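Reader: I would like to learn how to read a structure like this one, one feature at a time. Could you take me through it slowly?

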Amino acid sequence: MNPLRILCLAHPDLVPPDNMEELSEKEAYVWKTEYDVMKTLQGNGHEVRMLGVQTELSPIRDAVENWKPDIVFNLLEEFHGETLYAQNVVSLLELLRVPYTGCNPRGLMLARGKDLSKKLLKYHRVPVPAFAVFPIGVKVHRPGRLKFPLIVKSLWEDASLGIAQASIVDTDEKLAERVAFIHKRLNTPAIAEEFIDGREIYVGCLGNDRVQVLPVWELSFSNLADGAHAIATEKVKHDPIYQEKRGILQGPAENLPPNVVTKIRALAKRICHTLELDGYCRIDFRLSKDNVPYFIEANPNPEIASSQEYAQAALHAGVSYADLLNKIVAFGLKRAGVEV
Ligand SMILES: Nc1ncnc2c1ncn2[C@@H]1O[C@H](COP(=O)(O)OP(=O)(O)O)[C@@H](O)[C@H]1O
Ligand SMILES: [Mg+2]
């Protein structure tokens with residue numbers, strides 16, 4: 001790939017220092033994604049400019065108009081602190097007619113709501129857990145068809161915000177308590193889903209109209225506390241010490257019957273297509289004890305630090321991290337009709 005000018009958008013707190021060699025692993029942890037992307041794109045020969053944005057649109061516009069990047073690498077996950085606004089920044093990039101990496105705004109919108117994505121997918125015969133949504137300010141009433149145990153989550157926040165062992169409830173009283181907790185702590189509606197007891201499966205997808213499905217990946221828990229459920233809580237996702245203590249590992253999903261692997265891969269493609277996802281995304285499933293892959297959520301623009309699931313699955317498929325980032329850039333350019 002020819003050297004490009006790449007404008008990388010991130011949260012201002014996540015614009016990494018130029019050099020992190022001196023920092024401990026713990027200190028560097030917060031910038032791991034942004035630093036990996038910046039350094040690796042530079043290593044690929046590109047000129048990379050990091051831009052921290054959160055409350056002002058004019059810096060984006062100015063940088064696009066004055067510096068004329070070939071493409072914007074979008075690492076932004078919120079604007080004004082609102083996850084729901086992330087898609088609007090991508091819409092602005094479209095209106096500015098600048099190519100960008102990752103998912104288009106329609107896909108971001110369809111995937112964001114944990115209810116909307118499931119409604120659309122059910123129509124296309126993708127297995128989804130039964131669910132109900134509980135808006136703020138409305139008394140919690142569980143529909144009779146929704147059976148315990150349930151897991152209670154925010155309707156649209158991610159990164160496992162608000163997800164802990166207490167999210168899994170088995171009585172109406174606990175359900176109401178946990179719904180109130182989500183309303184209060186995250187200020188979003190809550191969704192309660194049928195709890196799928198089983199394996200946690202991730203599938204990376206890469207591409208626009210034709211999607212490359214990466215090897216089926218699994219988050220496994222080898223040393224959980226007695227009675228704890230194997231779910232990706234906040235601690236499981238973000239606390240390296242806890243991960244070590246509880247034997248939480250990610251790697252290729254082993255010993256899956258071949259027909260189940262085929263099914264999961266086909267579903268992942270159908271999901272990308274239905275939710276209009278492009279660029280790169282990760283689809284999360286729970287595999288029930290009888291091997292039915294239930295769709296849990298789609299993550300457009302997933303975490304792409306080199307050490308994390310997506311990049312590791314790509315590596316397993318023979319795509320190095322440097323190549324992965326160049327491919328992500330190339331898909332952004334191709335969508336915009338730029339020859340690569
Ligand atoms: N219906 C479900 N059944 C079983 N586990 C679930 C279910 N929904 C969520 N989980 C667990 O909670 C984690 C976080 O839920 P998810 O919907 O992916 O939220 P987030 O967007 O915060 O990642 C999942 O990775 C999974 O471990
Ligand atoms: Mg998730």
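Reader: Leaving aside its neighbours within four places in sequence, which residues is Cys-205 in contact with?

Author: Two residues are in contact if their C-beta atoms, placed from the backbone, lie within 7 Å. By that rule Cys-205 touches Val-211, Val-213, Ala-268, Cys-272, Cys-281 and Ile-283. Please keep in mind that this is a predicted model, where local features need pLDDT of at least 70, side-chain atom pairs count only at pLDDT 80 or more, and totals for chains, interfaces and linings use all residues. Residues are numbered from 1 along each chain as its sequence is written, while chains are lettered from A and ligands numbered from 1 in the order in which they are written.

Reader: Which residues of helix H6 are buried, and which are exposed?

Author: A residue is buried if 20 or more other C-beta atoms lie within 10 Å of its own, exposed if 12 or fewer, and partly exposed in between. Helices (H or I, at least four residues) and strands (E, at least two) are DSSP runs, numbered from the N terminus. In H6, which spans residues 116-123, the buried ones are Ser-117, Lys-118 and Leu-121. They lie on the same side of H6, because they cover an arc of only 95 degrees around the axis, the arc being that of the directions from the helix axis to the C-beta atoms. Lys-119 and Tyr-123, on the other side, are exposed.

Reader: What covers the buried residues of H6?

Author: The cover includes helix H5 (105-112), strand E4 (131-134), helix H10 (258-274) and E13. After H6 comes Arg-125, with a positive phi near 60 degrees.
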